[in-house]
Amino acid sequence: MRKTIQRTMQFKFQMIPSAVLVSLAALSLLLLTASVATAQPPAPKAKGIESEGYQWNEMEGEKVEALTLTGDIENGEEAYEICSACHLPSGAGRPDGTFPQLAGQHPNVIIKQIADIRAGRRDNPIMYPFAITLTDPQELADVSAYIQTLPIPTDNGKGPGTNVAMGKELYDRDCVECHGNNGEGNAEKFYPVLAGQHYKYLERQIGDIAEGRRRNANPDMVKIVKEYSPEQLEAVTDYMSTIEWPDRQKK
Ligand code: HEC
Ligand code: HEC
């Protein structure tokens, strides 16, 4: 059946003069571009780490308001529906690193990251069209409050485990100050939880941080990470993916 259709189509295409085909292709390309352009407005570009005078986590924009609001969990659950397409209904993300785990992340960090993505301070073209479905600062607070209700998964994607000892040494020397002994981060200071995050995602982030592509990154962290050799980056990421935060199981 499918073969017959294919053959008929082939036959029909042979009957159409090539000039018409070319203009048809041009037209559909144009329509495609137009629909993509209207469906997905390009993200704005806010000043990031590459700009002079960049101040990390400057208290400005919708973030400031969202941080003072009490989230409505029910509305947050509705708003999260579209997010679950990528981050999964459980908030576990994917071990292949395409989508980070959100469950267990500090609410302040969630709000900051979404606000940065919406402002174009953290480039995320895949998520941007969905990030802007959140209507206002209240909905940023809502979705962040809902994510806090999700039980924290324990089976994150792990690294190869070959360089964990070296990674721990580096982590204890350079990262503990901000991300904590157990990768618990610091909610007040907007330092993210690293414990339980997928190896592949951490690997991409640390590369982006080292190369200046994560434009909303903390400059004190970048100073350290950009001096790392590829082997050190690999080792510290391997170690990070093994950290179990004791509090994680308590929810
Ligand atoms: C089309 C897929 C997709 C959808 C839908 C999506 N995201 Fe994301 N999100 C991503 C990707 C990809 C990243 C990581 C990008 C990167 O590597 O920098 C991300 C990152 C994040 C982060 C940062 C996590 C961290 O550890 O820093 C937060 C917070 C987040 N998303 C929240 C949301 C919320 C809330 C929604 C719904 C309004 C949503 N996302 C919808 C793909 C998506
Ligand atoms: C001065 C404090 C500080 C130090 C030191 C620091 N970090 Fe960070 N780190 C941060 C902050 C803040 C963020 C979130 C950046 C932002 O605002 O988007 C972050 C983000 C990250 C992320 C991305 C997390 C996510 O969910 O997307 C990784 C991975 C990371 N740090 C690893 C490290 C490693 C490894 C070290 C040590 C080599 C380190 N950090 C040292 C403050 C720090």
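**Figure 1. Order of elements in the predicted model.** From the N terminus on, the elements of the protein run α-α-α-α-α-α-α-α-α-α-α-α-α. The protein has 13 helices and zero strands; helices (H or I, at least four residues) and strands (E, at least two) are DSSP runs numbered from the N terminus. This is a predicted model, in which local features need pLDDT of at least 70 and side-chain atom pairs count only at pLDDT 80 or more, while totals for chains, interfaces and linings use all residues. Residues are numbered from 1 along each chain as its sequence is written, and chains are lettered from A and ligands numbered from 1 in the order in which they are written. Of the 251 residues in the protein, 34% are buried. A residue counts as buried if 20 or more other C-beta atoms, placed from the backbone, lie within 10 Å of its own, as exposed if 12 or fewer do, and as partly exposed in between. Among contacts with a separation of 6 or more, 78% join residues 24 or more positions apart; a contact requires C-beta atoms, placed from the backbone, within 7 Å.

**Figure 2. Surroundings of ligand 1.** Ligand 1 is surrounded by 22 residues, the closest being Cys83, Cys86, Gln113, Met127 and Phe130. A residue belongs to such a shell if its C-beta atom, placed from the backbone, lies within 6 Å of the molecule. Helix H5 (84-87), H6 and helix H7 (128-131) are the elements that give two or more residues to this shell. By class, the shell around ligand 1 has 16 nonpolar residues, five polar and one charged. Ala, Val, Leu, Ile, Met, Phe, Trp, Tyr, Cys and Pro count as nonpolar, Asp, Glu, Lys and Arg as charged, and the others, Gly among them, as polar.

**Figure 3. Surroundings of ligand 2.** Around ligand 2 there are 24 residues, and Cys175, Cys178, Asn218, Asp220 and Met221 are the closest. Two or more residues each come from helix H10 (176-179), helix H11 (199-211) and helix H12 (219-225). H12 gives the most, with four residues. The shell around ligand 2 divides into 14 nonpolar, six polar and four charged residues.

**Figure 4. Nonpolar cores.** The largest nonpolar core has 23 residues, and Ile111, Ile114, Leu140, Val143 and Ile147 have the most contacts inside it. Such a core is a set of buried Ala, Val, Leu, Ile, Met, Phe, Trp, Tyr and Cys residues joined through C-beta atoms within 7 Å. Helix H4 (73-80), helix H6 (107-119) and helix H8 (137-148) each give two or more residues to this core. A second, separate core of 19 residues includes Ala195, Tyr201, Val225 and Ala235.

**Figure 5. Crossing of H9 and H13.** The axes of helix H9 (residues 164-174) and helix H13 (residues 230-240) come within 7 Å and cross at roughly 90 degrees. The two helices are therefore roughly perpendicular to each other (65 to 115 degrees; under 35 is roughly parallel, over 145 roughly antiparallel, and the rest oblique). Axes are lines fitted to C-alpha atoms, for helices over the stretch in contact, with angles from 0 to 180 degrees between N-to-C directions. Residues in the contact include Leu170 and Tyr171 of H9 and Ala235 and Tyr239 of H13. By class, this contact has eight nonpolar, two polar and two charged residues.

**Figure 6. Asn57 and Phe190.** Asn57 lies in the loop between helix H2 (18-39) and helix H3 (62-68), and its phi is near 55 degrees, a positive value in a residue other than glycine. Phe190, in the loop between H10 and H11, has a positive phi of about 70 degrees although it is not a glycine.

Terms used
Contact = placed C-beta atoms within 7 Å.
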